[in-house]
Number of protein chains: 2
Amino acid sequence: MRKLSLLALAISMSATAIAAPKPNEPIQPIEPYEVTDAAKVELGKQLFFDPRLSKSGFISCNSCHNLSMGGSDNLPTSIGHNWQEGPINSPTVLNSSYNIAQFWDGRVADLQEQAGGPIENPLEMGFTHELAVDVVSSIPQYVQSFKNVYNVDKITINEVTNAIAEFEKTLVTPNSPFDQWLKGDTEAITAEQKAGYQLFKEVGCTACHSGPAVGANTFQKMGLFEDYKTNNPAEGVAGLTGEDTDRFKFKVPTLRNVELTYPYFHDGAYWQLEEAVDVMARLQLGRKLESEQISQITAFLKSLTGEQPSFTMPLLPPSTAETPLPEPFVKKAKE
Amino acid sequence: MRKLSLLALAISMSATAIAAPKPNEPIQPIEPYEVTDAAKVELGKQLFFDPRLSKSGFISCNSCHNLSMGGSDNLPTSIGHNWQEGPINSPTVLNSSYNIAQFWDGRVADLQEQAGGPIENPLEMGFTHELAVDVVSSIPQYVQSFKNVYNVDKITINEVTNAIAEFEKTLVTPNSPFDQWLKGDTEAITAEQKAGYQLFKEVGCTACHSGPAVGANTFQKMGLFEDYKTNNPAEGVAGLTGEDTDRFKFKVPTLRNVELTYPYFHDGAYWQLEEAVDVMARLQLGRKLESEQISQITAFLKSLTGEQPSFTMPLLPPSTAETPLPEPFVKKAKE
């Protein structure tokens, strides 16, 4: 009888911990990424970490989307070529395949198109696509990898950015405590986090922060009930359309791993998650949250930190006599 | 009988490939490092990759000793805080535990003392030891790791640099083709590489480039038979002693992985290994090598590329409200 009781208790505990999945929540779980072309992903990883895609030979994709630090640089705005101050906060590369479009203003459609941007941005990597292609084309191991993966003898920027994008697609963060809870593990998050999630829905955060990425699927005006005060000159979508109604309209950032991707907002002006929650509630929802409510929502947001990409640090093939030299400091006469 | 013949053939082939080890060569194999305290090494790895040990929050040890690129930055001199031009070529961190002393001028005794240098060098990471300690002390996961590894409640710079040094000690590159040859595999290197090694010994390179690190164990004057022409103002050991006889005396660099650690010499003025071999022979040995000799020695040098450290990219614990903020661009009034 004692054994039976224990069994009954175990069943009962199990029933407490595991409930049915929650398909009707406004947030859905992030799923693990299934790699279908490992060689392409490996090539993309090398390129993501290769500073020779920058003019200086010092800045790689990982410099500003650091995979040790939530796929971000944890700076208000990034440091670019010649220590230039970047114009806007560097968004996390984690789960970026879920973005409705890339960059804060959504000016490009997908990760491949995005990957080409910083390479040739004078404020960022300061290089040219032509020179980036010259670099990889001068290195036999890269040439062989592109041949194996894309069956090309002549590499173009398209293969370079495609491989980077294919690597970036693997950078998803599944199995966060919140996702485990969504999938039915009722004890995966704390009571405070559950309360925070209820509040998050009740006060209206989910109007914009929904879907698997908890955002990243719409553009919204920053500052609805109050203006957002900033010295940052970015105008958002209006910078593309010229439309006054698009002023300060930005892509809603993902809240996945938001604990790791400080400082917050497009100008990186707020370092604490509690501050960001307070500002969002006031400016976007017209609500002044109590300190305890902010704590609860913040606790919930921390349950969105998922399993970070885990991989072996790539080894980069050495340059050759044909590789264009980096120009970290001195401009050559030909320029 | 046929079977016996095949067996005899197999034994004969085996005898060709595997000879006795060569203990009396001027170069000895690099041995794998045996980790005794994995937690300490893991902590050191995190710190090695953590840009929060710099003022900007952007530069880590790995920025200039990039483990994807032979433990170097492949730049003539490094890029430091605020894009300042470093004074001297960044030496590889690979096998650096074999160095007789650290830095080109040997001004510090060991890796732990070295690790503290760049953190507070205004031209490099531009930080202070006090602030570096404040950063790690503000992050609960780091505090716990230091507690576990060093049994301290109050972290000092000594534990920070000790952990970094313990990680760096693991960065050895055993099993190069040349080491396999040294250990008796007569086919591990090519005929050209064997010829190059014979030349390397005959012309006198091994006078300075010997031991397991193929260098790194003496200080020598750069420019014995001819002056070394450079715009780099570094004076070598004379910068420490003030002695005229120490002018341009530098630590002989390791030639392990030299294929990966371009550009060469303390000023990083030469990008091609062939050029470096030519310059060394003329300036240090008073020999003008033929083009074929240079090719052979270069081929031998490439046989010194060993197994590169392979490890999982570290994840860094997030900052807290108590963490000193990085100052990438703006100096605060208190300074």
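Over all chains, the count comes to 26 salt bridges, where a salt bridge is a side-chain nitrogen of Lys or Arg within 4 Å of a carboxyl oxygen of Asp or Glu. The model is predicted: local features need pLDDT of at least 70 and side-chain atom pairs count only at pLDDT 80 or more, while totals for chains, interfaces and linings use all residues. Residues are numbered from 1 along each chain as its sequence is written, chains are lettered from A and ligands numbered from 1 in the order in which they are written, and side-chain values use heavy atoms, with hydrogens and water left out.

**Salt bridges**
- Arg256(A) and Asp179(A) are joined through their side chains by a salt bridge of 2.9 Å, N to O.
- Arg256(A) lies in the loop between strand 2 (249–251) and helix 11 (273–285) of chain A and Asp179(A) lies in helix 8 (residues 177–182), so this pair ties together parts that are 77 residues apart in sequence.
- Helices (H or I, at least four residues) and strands (E, at least two) are DSSP runs, numbered from the N terminus.
- Both Arg256(A) and Asp179(A) are buried; buried means under 20% relative accessible area, exposed over 50%, and partly exposed in between (1.4 Å probe, protein chains only).
- A salt bridge of 3.3 Å, N to O, is formed by the side chains of Arg247(A) and Glu235(A).
- Arg247(A) is partly exposed at 33% relative accessibility, and Glu235(A) is partly exposed at 33%.
- In chain B, the side chains of Asp153(B) and Lys147(B) form a salt bridge of 3.2 Å, N to O.
- Asp153(B) counts as exposed at 64% relative accessibility, whereas Lys147(B) is partly exposed at 32%.

**Chain A**
- Chain A has 12 helices and 2 strands.
- Of its 335 residues, 55% count as buried.
- The C-alpha atoms of chain A fill a box of roughly 80 × 55 × 30 Å along the principal axes.
- Pro76(A) sits in the loop between helix 3 (61–64) and helix 4 (111–120) of chain A and is partly exposed at 24% relative accessibility.
- Beyond its neighbours within four places in sequence, Pro76(A) has contacts that include Ile88(A), Pro263(A) and Trp271(A), contact being heavy atoms within 4.5 Å.

**Helices of chain B**
- In helix 2 of chain B, 8 of the 11 residues are buried, so this helix is largely enclosed by the rest of the structure.
- The cover over the buried residues of helix 2 includes helix 3, helix 5, helix 6 and helix 7 of chain B.
- In helix 5 (residues 129–137) of chain B, the buried residues are Ala132(B), Val133(B), Val135(B) and Val136(B).
- Seen down the axis of helix 5 of chain B, these buried residues fall within an arc of 155°, so they line one face of the helix; the arc is that of the directions from the helix axis to the C-beta atoms.

**Interface of chain B and chain A**
- The contact takes 48 residues from chain B and 48 residues from chain A.
- The two chains bury about 3,800 Å² between them, 73% of it on carbon and sulfur atoms; buried area is the accessible area (1.4 Å probe) that two parts lose on being put together, summed over both.
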